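Take a moment with the sequence and the 3D view, then read on.

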Amino acid sequence: MSRETIINIVLALLLLAIPYAAIQFGNPFYVTLATRMAILGLAAVGLNIALGFGGLVSFGHAAFFGIGGYVAGILASHSLSGAPLNFGVFSVPGTNQMPVIWLVALVAGGLLAAAIGAISLRTSGVYFIMITLAFAQMTYYFAISWPAYGGEDGLSILVRNQFPGVNTMVPLNYFLVCYGVLMVGLLVSALIRDSRFGAALQAARQNEVRVASVGITPFRIRLVAFVISGMITALAGALYADLNRFVSPSMLSWHMSGEFIVLIILGGVGRLYGPVAGAMLFVMFEFLLGGMTERWQFFLGLILLGVVLFARGGLIGLIAGKPRHG
């Protein structure tokens with residue numbers, strides 16, 4: 001068993017232990033923090049497939065995160081009001097069932113990622129970054145100008161959506177749901193990394209000319225990876241909206257995209273559990289430093305600068321050394 005595998009197991013067990021320890025010591029608020037770690041970790045797992053495995057520095061993943069959140073909020077609001085969603089030629093009822101909402105979020109995130117990726121992936125470098133950012137800002141301003149669902153004031157989810165057989169209003173129960181989804185997301189990420197598709201994706205990141213010379217089209221591989229990445233991040237957005245019982249255009253802002261990139265850099269770019277480690281560090285810094293000063297982002301910036309200069313493999317790279325993949 002490699003050192004990195006041991007670290008991954010420790011991180012998984014540590015995240016699982018946080019809410020139980022919080023309840024044991026009478027600090028239930030930490031359950032919510034652990035849930036936030038799991039959800040942000042899942043969102044970063046999605047981005048890590050594009051950025052870590054494929055070298056696609058996307059500054060637009062907030063668009064997928066936000067659309068997942070709005071799927072949860074819109075379907076929940078129509079379920080509560082009883083009014084169906086009208087698409088002109090047909091209408092569909094709302095729902096408060098998480099599995100259905102997750103499925104719709106995955107489809108919506110995938111379709112949006114396919115549309116954005118089909119255009120953005122024809123560029124590279126800083127042009128790719130700017131085009132993904134532009135698309136994210138377009139979705140952000142669309143949400144602001146959408147008064148039917150709150151506009152810039154956002155949309156409340158009065159009662160958290162339901163998961164079969166689970167009382168999701170109990171914080172620990174909802175954490176376990178999010179933790180389970182995170183583990184599935186990590187499994188999908190691991191399967192992609194270790195598959196022939198993942199090998200081709202990482203090869204295209206290193207030298208796309210050589211990949212093309214053996215009959216593999218880098219564009220198609222990257223597009224599929226980008227779509228899968230967007231789908232996972234959209235699923236995280238649906239979970240995040242249910243955690244806060246609120247969705248707003250802030251979930252679509254470029255700040256959120258930057259936050260996802262920070263998570264991956266902190267944990268380790270291209271590492272399987274790098275997004276989880278980064279999310280745990282980020283939420284911990286936000287809570288501890290935010291309690292001391294309103295300008296806690298300044299200190300986070302110093303920490304990030306230190307990681308970039310002295311620990312380019314992130315937390316996992318610092319402990320485990322060079323990766324075996326990538």
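## The second largest pocket

What volume does the second largest pocket have? Its volume is about 390 Å³. On a 1 Å grid over the protein atoms alone, a pocket is an open set of points where a 1.4 Å probe fits, with protein on both sides within 12 Å along at least five of seven lines. Grid points are joined across faces, edges and corners, and the volume is the space filled by probe spheres set on them.

Of the 19 residues lining this pocket, His-255, Gly-258, Glu-259, Val-262 and Phe-282 are closest to its centre; a lining residue has an atom within 4 Å of a point. Two or more lining residues come from each of α10 (254–267), α11 (274–290) and α12 (296–310), and α10 gives the most, with eight. Here helices are DSSP runs of H or I with at least four residues, strands are E runs of at least two, and both are numbered from the N terminus.

## The largest pocket

The largest pocket holds about 510 Å³ of space. Ile-67, Tyr-70, Val-71, Ile-74 and Trp-146 lie nearest its centre, among 19 lining residues. Seven of the lining residues belong to α3, which gives the most.

## About the model

This is a predicted model, in which local features need pLDDT of at least 70 and side-chain atom pairs pLDDT 80 or more, while totals for chains, interfaces and linings use all residues. Residues are numbered from 1 along each chain as its sequence is written, and side-chain values use heavy atoms, leaving out hydrogens and water.
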